[in-house]
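Hello! Here is the structure I promised to pass on to you. Have a look at it first, and then read my notes below.

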Amino acid sequence: MGPIWSSYYGNCHSLLFMVDASNPTQLSASCVQLLGLLSAEQLAEASVLILFNKIDLPCYMTIEEIKSLIRLPDLIAGAKQNITTVEISAWKGTGLSEVLRWLEDTHRTNG
């Protein structure tokens, strides 16, 4: 799907990007996709929420490990967008209230 994402950027005010925190082999591919999204001119004004999913699994990477591996502080510092992160378990519902709060706040701001 990544190659056709740019077809959907028009009039985009917020972006949710999900990372599988239990799959370290896909982390670099996720980082490349995220960098591509953050560098897209049409998304320069979008608010970004990065979701680190599957924190309920015993093999998940900690947020500190992920931040270090993808150099998240550097990524945030260099991005034009406002970036927020949250750890979630879509299966158990952990962190989803934070996601909803972010969506409400972002919608209110961009309303």
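Ser30 touches Phe17 and Val19, leaving aside its neighbours within four places in sequence (contact means heavy atoms within 4.5 Å). Ser30 sits in helix H1; helices (H or I, at least four residues) and strands (E, at least two) are DSSP runs, numbered from the N terminus. At 16% relative accessibility, Ser30 counts as buried, where buried means under 20% relative accessible area, exposed over 50%, and partly exposed in between, with a 1.4 Å probe and protein chains only.

Before going further, a word on what you are looking at. This is a predicted model, in which local features need pLDDT of at least 70 and side-chain atom pairs count only at pLDDT 80 or more, while totals for chains, interfaces and linings use all residues. Residues are numbered from 1 along each chain as its sequence is written, and side-chain values use heavy atoms, with hydrogens and water left out. As for pLDDT, the predictor's confidence in each residue from 0 to 100, the protein averages 89, and 96% of the residues score at least 70. Confidence is lowest in H2, at a mean of 87, and highest in E2, at 95.

Back to the helix. The 13 residues of H1 should span 18 Å at 1.5 Å a residue, and its end C-alpha atoms are 18 Å apart, which agrees; the expected span is 1.5 Å times one less than the number of residues. Which residues of H1 are buried? They are Leu27, Ser30, Cys31, Leu34, Leu37 and Leu38. These cover an arc of only 125° around the axis, so they are on the same side of H1; the arc is that of the directions from the helix axis to the C-beta atoms. On the other side of H1, Ser28, Val32 and Ser39 are exposed. The cover over the buried residues of H1 includes E1, E2, H2, H3 and E3.

Next, the inside of the protein. A nonpolar core is a set of buried Ala, Val, Leu, Ile, Met, Phe, Trp, Tyr and Cys residues joined through side-chain atoms within 4.5 Å. The largest one has 24 residues, and those with the most contacts inside it are Leu38, Ile50, Phe52, Ile66 and Ile83. Two or more residues of this core come from each of strand E1 (14–20), helix H1 (27–39), strand E2 (47–53), helix H2 (63–69) and H3. H1 gives the most, with five residues. Apart from this core lies another, of six residues, among them Leu49, Leu51, Val86 and Val99.

Where does Gln81 lie? Gln81 is in the loop between helix H3 (72–78) and strand E3 (83–87), and is buried, with a relative accessible area of 6%. Its side chain reaches the backbone oxygen of Leu38 at 3.1 Å, and a polar atom of that side chain lies 3.0 Å from the backbone oxygen of Leu43. Beyond neighbours within four places in sequence, Gln81 is in contact with Leu37, Leu38, Leu43, Ala44, Ala46 and Val48.

Finally, two backbone angles to look at. Most residues other than glycine have a negative phi. Lys54, in the loop between E2 and H2, has a positive phi near 75° and is partly exposed, with a relative accessible area of 32%. Arg71, in the loop between H2 and H3, has a positive phi near 55° and is exposed at 55% relative accessible area.

Happy exploring!

Technical notes: Polar contact = N/O pair within 3.5 Å; in protein donor to acceptor, adjacent residues only side chain to side chain.
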